[in-house]
Amino acid sequence: MPKILNLLAIALVLVLQASAQIALAQSEPKRAITQIAGDLYRFQNNFHFSVFLVTPEGVIVTDPINAEAAAWLEAEIDKRFGAPVKYLVLSHDHADHAAGGEVFADTALVVAHERAKAAIVGEGRPTAVPDITFSDRMTLELGGKQVELIYPGPSHSDNLIVMNFPAERVLFAVDIVTVKRMPYKDLSDSYFPGWIDALKRIEVIDFDILAPGHGVLGDKSDVTAHRHYFEALHAEVLAAARAGKSLEEMQASIRLDDYKDWGQYDAWLPLNIEGLYKRISLQRRGN
Ligand SMILES: [Zn+2]
């Protein structure tokens with residue numbers, strides 16, 4: 001083979017090997033377990049996070065994320081702690097957090113808000129149907145430890161709860177708040193101004209560490225910052241709607257520069273505006 005063809009063949013093999021490695025890396029989920037405080041741990045599956053609490057009488061697990069992730073987590077908990085999962089608590093009905101609950105349902109009671117159960121059944125979510133539901137507040141106790149389940153009102157979905165671990169001083173809050181990152185895309189399945197009111201109710205809960213369902217850990221100031229963002233966005237979109245502006249004009253003019261350092265600012269601000277524009281359009285009546 002001429003030398004140039006030889007080199008081309010070697011280059012082709014190298015490119016194919018590199019792309020095969022990239023494909024492998026993309027298909028392997030990033031999973032991890034890290035300690036947050038005391039016996040409370042954080043579970044990561046790619047861009048989704050949940051928490052679990054280890055007690056002398058078993059483990060309280062939260063969002064399973066999906067069946068494969070849940071099976072991995074169940075095996076890791078058994079390997080590291082040798083303890084059965086006694087409760088599975090779902091933050092809300094959305095499939096990207098709630099799926100895979102059936103993995104734990106042989107040993108665990110499944111707990112969720114009453115409207116989460118209705119949505120899980122109604123939407124046919126790929127998870128276990130909750131055994132225990134509540135409407136406002138509920139405290140789970142296991143092995144001398146506690147988790148307070150709190151419904152802060154309609155926010156991101158009409159059934160999202162937050163989970164407070166008082167001894168560890170950690171609040172687990174999924175999708176209702178993130179740390180220095182924009183709310184997700186067009187705010188599907190959201191309620192306003194309920195979401196803002198719900199963040200105020202979270203701000204009066206006694207905790208130090210905020211563990212969100214996406215991204216890095218934070219603290220209570222991140223909840224306040226998220227509320228301030230929504231208050232500013234809501235006020236600007238409402239004022240623009242009252243001034244007769246179109247969605248495109250709002251997306252061109254509303255900047256909210258205080259938040260330009262937040263993750264996904266450029267990509268998701270126009271979608272956040274669109275989401276609020278749709279809701280405000282249905283919730284006002286011009287002259
Ligand atoms: Zn969600």
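1. Val170 lies across from Ile209, a residue of β12. The strands β11 and β12 are paired in parallel over four bridges; pairing here requires that DSSP finds at least two bridges between two strands. Helices (H or I, at least four residues) and strands (E, at least two) are DSSP runs, numbered from the N terminus. Residue numbers start from 1 along each chain as its sequence is written. This is a predicted model, in which local features need pLDDT of at least 70 and side-chain atom pairs count only at pLDDT 80 or more, while totals for chains, interfaces and linings use all residues.

2. On its other pairing, β11 (residues 170–173) meets β10 (residues 162–165) in the antiparallel sense, over three bridges. Phe165 is opposite Val170 of β11, and Asn164 has Leu171 as its bridge partner there. Four residues separate the two strands of this hairpin, and Arg169 has a positive phi near 60°.

3. Is β11 covered on one face or on both? Both faces are covered, with Val170 and Phe172 buried on one side and Leu171 and Ala173 buried on the other. Buried means that 20 or more other C-beta atoms lie within 10 Å of the residue's own, exposed means 12 or fewer, and partly exposed is in between; C-beta atoms are placed from the backbone.

4. These strands belong to an open, mixed sheet of five, ordered β8-β9-β10-β11-β12. At its edges are β8 (137–142) and β12 (209–212), each of which pairs on one side only. Neighbouring strands are turned against each other by 20° on average, direction ignored. Axes are lines fitted to C-alpha atoms, for helices over the stretch in contact, and angles run from 0 to 180 degrees between N-to-C directions.

5. A right-handed β-α-β unit is made by β11, α5 and β12. Right-handed means that, with the strands pointing away from the viewer, the path from the first strand over the helix to the second runs clockwise. In α5 (residues 194–203), the residues Trp195, Ala198, Leu199 and Ile202 are buried. They lie on the same side of α5 because they cover an arc of only 100° around the axis, the arc being that of the directions from the helix axis to the C-beta atoms. An α-helix has 3.6 residues a turn, so residues three or four places apart point the same way. The buried residues of α5 pack against β10, β11 and α6.

6. Ala173 touches Val162, Ile202, Leu210 and Pro212, leaving aside residues up to four places away in sequence. Contact means that the C-beta atoms of two residues, placed from the backbone, lie within 7 Å. The largest nonpolar core has 70 residues, of which Phe52, Leu88, Val162 and Ala173 touch the most other members. α6 gives the most to this core, with five residues. Such a core is a set of buried Ala, Val, Leu, Ile, Met, Phe, Trp, Tyr and Cys residues joined through C-beta atoms within 7 Å.

7. Another open sheet has seven strands with mixed pairing, in the order β1-β2-β3-β4-β5-β6-β7. Its edge strands are β1 (31–37) and β7 (132–134), each pairing on one side only. From one strand to the next, the twist averages 20°. Strand β6 (residues 109–113) pairs with β7 in the parallel sense over three bridges, and Val111 has Ile132 of β7 as its bridge partner.

8. Which residues of α4 are buried? They are Ala116, Lys117, Ala119 and Ile120. These fall within an arc of 165° seen down the axis of α4, so they line one face of the helix. Val121 and Gly122, on the other side of α4, are exposed. The cover over the buried residues includes α3 (95–98), β6 and β7. Just after α4, Gly124 has a positive phi of about 65°.

9. Ala243 sits in the loop between α6 (220–242) and α7 (247–253). Ala243 counts as exposed because it has 9 other C-beta atoms within 10 Å.

10. Of its 287 residues, 38% count as buried.
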